[in-house]
Amino acid sequence: MTRPPFPSVIDSSLMAAFKSCPQKANLEFIHHWKRRDQSVHLHAGAAYAGGLEAARVAYYVEGQSPENAVAAGLGKLLTLYGDFECPSDSAKSAERMAGALEFHFDRYPLGADKALPMTLAGGRRGIEFSFLEPLDAMHPETGDPLLYSGRFDMLVEFDGMHLGLDDKTTSQLGASWSRQWDLRSQFTGYVWGVGQAGIALDGFLVRGVSILKSKYDTLQAITYRPKWQVERWYEQLHRDVARMQVAWETGQFDYNLDHACAEYGGCPFKEVCQMRDPQTLLDQRFERRRWDPVARTETPL
């Protein structure tokens, strides 16, 4: 059987896709099919994250004033957003995203924010922390350990706790938004990865900014991760990876023809799965680009 290579690096996006629908993970992360028309949510979110990072580096590392640091963040956001054409029905235009960044630092001002980036070994500040750690699972082709990677916005000290901080953009906030992080594997995996680097985290501080065409809002939530939850996540991760290896070896990636097809605004492969012979649609509306979770880059195939 001719197979595409099995991933050598595992991350939360790949595992979330596989647990949601194995066939989605197969198309997106094994065969590397991506839509030709990029999602406004992904593009705007990446520009926003880049702007936040630039502002924090300017203030906490370079010692610039809060005003100049925010200006540096706005410049980075607009550069990353570029000439991307925002759909008319979306609130995530370049102007609105720039307003969201200003709103963020108005509500969580540099110099007065209780969440302060940790100082790590060598004096480095804990801004945009990343890790790459081996798992107790071997690659089915090379025999080397599979690697687990993660990257998030900051390591912070907050009210006497050590927390990871992750910024989210959304369309609406509320009690359900805060509760959705309590068992989110993304953050459990981050706590494990940081722990492998010798840093013990109590959990994560999640900050959300809602972006609508007429207003902004914000909410923050703390989600805790005791040691036993991290250990349970690690054991479950290996069972999930083993199932993914079996699917890869047999070529049988199951379809989850249910709620997963409509989650988060709809699966990008929904129309593909509605076709008996999907190759023509894949060739027309998708292209093959390999995402590198470590370098954070995409390579056309």
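Tutor: Two strands pair if DSSP finds at least two bridges between them. Strands (E, at least two residues) are DSSP runs, numbered from the N terminus. This is a predicted model, where local features need pLDDT of at least 70, side-chain atom pairs count only at pLDDT 80 or more, and totals for chains, interfaces and linings use all residues. Residues are numbered from 1 along each chain as its sequence is written, and side-chain values use heavy atoms, with hydrogens and water left out.

Student: Which residue stands opposite Val 156 in E5?

Tutor: That is Pro 117. Strand E3 (residues 116–117) runs antiparallel to E5, and 2 bridges join them.

Student: How many bridges does E5 form with strand E4?

Tutor: E4 (residues 127–138) pairs with E5 over 8 bridges, in the antiparallel sense. Within this pairing, Ser 130 has Arg 151 as its bridge partner. The two strands make a hairpin with 6 residues between them, and Gly 143 in the turn has a positive phi of about 80°.

Student: What lies between E5 and E6 in their hairpin?

Tutor: There are 2 residues between them, and Asp 159 in the turn has a positive phi of about 50°. E6 (residues 161–170) is antiparallel to E5 over 5 bridges, with Phe 158 opposite Met 161.

Student: Is strand E1 parallel or antiparallel to E5?

Tutor: E1 (residues 9–10) pairs with E5 in the parallel sense, over 2 bridges. Here Val 9 stands opposite Leu 147.

Student: Why is E5 described as largely enclosed?

Tutor: Buried means under 20% relative accessible area (1.4 Å probe, protein chains only). Of the 14 residues of E5 (residues 145–158), 10 are buried, so the rest of the structure largely encloses this strand.

Key
Buried < 20%, exposed > 50% of the residue type's maximum accessible area, 1.4 Å probe, protein only. Helix = DSSP H or I, 4+ residues; strand = E, 2+ residues; numbered from the N terminus.
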